[in-house]
Amino acid sequence: MVKCSFCDSKAILVRKYEGIALCQKHFLRSVEKKIRKTIRVNKLIKRGDVIALGLSGGKDSSLLCWFLSTIRKRYSINIVAITVDEGIGKYREKNIKCAKELAKKYGIEHHVFSFKEEVGLRLEEIMKNKAIIEQCMSACSVCSVLRRYILNKKARELGANKLAIAHNLDDESQSIFISYIRGDIPRALRLGPISPENDKSKFIRRIKPLLDIPEKETALFSMLKNFKLVSGECPNAKFSFRWKVRDIILGLEQTSPGTRYSIIKNFEKIRGVLIKAQKSKTKPLVCKMCGEPTSKEYCKYCQIIKLIGN
Ligand SMILES: [Zn+2]
Ligand SMILES: [Zn+2]
């Protein structure tokens, strides 16, 4: 039996990257402590913030929903949950049901916005569009562009000044990797625990309180806390570029524990330099078609809308 590094109880998890073993009690305590530290050190939340929470109904956003509800009074924050219904068969329907129940349980205002209403088509229908097929766009890349756009716009319209995203350590290290490969600097600038402040931009500041928690641990935490969850991944995930990057990073993590933390920590140094360089440049652009923030003439959302001809 492996014993907990902090008491005599049986360990339920060995953290190779920290060289410790944790029992259930100390594991739960440690995760909460890490989230609080991420929030404090990066100044993610201020008193009086109106926080929109991207609530998919999966393990990570359920954890974040619960956590934010526990600190609501202390920080006097308002929380409004937003679920985006992309239209991905049964997988999404079950998740939305979980999200609704969760928001109700914690007394959080909840809104659902669908691709069908916003874009005119479900994701499944968009992916059958000829122009989309010709451009070889994957379901995940189309979905993430549309989802990010809707989340930002709706959060702003609902009066939020921050948008909480339940990205865990694995998600974030993958995003950093992908932004390197694609050379997507505007996107890279908005990564990290909190996106830069810009009064002129219509981008709501994105905060990521779960940034320091590995995916395996958010899953374990959610299971131990009995969050009602739908098991399984999005059926499209396995075909995405992100999935391949995920495998590479997990492989590195196995032979060199702590790799994910290094990726995040060292990227912050680069991001600091990028933000400074960017500040001296021109003011943020707005999309010619919809008026939302963009780095090009037309935002990625409108580029897709133009492709599908809606
Ligand atoms: Zn213990
Ligand atoms: Zn646009």
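**A parallel sheet and its helices**

Strand S6, residues 162-164, pairs with S7 in the parallel sense, over three bridges. One residue pair shows where they join: Lys162 has Arg205 in S7 as its bridge partner. The model is a predicted one. Strands of a sheet pair through backbone hydrogen bonds, and the pairing can be parallel or antiparallel.

Now step back to the whole sheet. S6 and S7 belong to an open sheet of five strands. Read across, the order is S5-S4-S3-S6-S7. The pairing is parallel. Which strands sit at the edges? They are S5 (109-114) and S7 (205-207), and each pairs on one side only. The sheet also twists, by an average of 30 degrees from one strand to the next.

Next come the helices on the sheet. Helix H3 covers residues 89-105. H3 lies across strand S4 (78-85) and S5. Its direction is about 165 degrees from that of S4. Helix H7, residues 139-157, packs on the sheet as well. H7 touches S3 (50-54), S4, S5 and S6. The angle between H7 and S4 is about 150 degrees.

H1 spans residues 24-41, and H10 spans residues 215-224. They pack at about 115 degrees, with axes 11 Å apart. Their crossing is left-handed. Which residues meet there? H1 brings Gln24, Leu28 and Val31. H10 brings Glu217, Phe221 and Leu224.

Conventions:
Residues numbered from 1 in each chain as written. Chains lettered and ligands numbered in written order. Predicted model: local features only at pLDDT ≥ 70, side-chain atom pairs only at ≥ 80, totals over all residues. Pairing = 2+ DSSP bridges. Helix = DSSP H or I, 4+ residues; strand = E, 2+ residues; numbered from the N terminus. Axes fitted to C-alpha atoms, helices over the stretch in contact; angles between N-to-C directions. Contact = placed C-beta atoms within 7 Å. Left-handed = near helix turned anticlockwise from the far one by under 90°.
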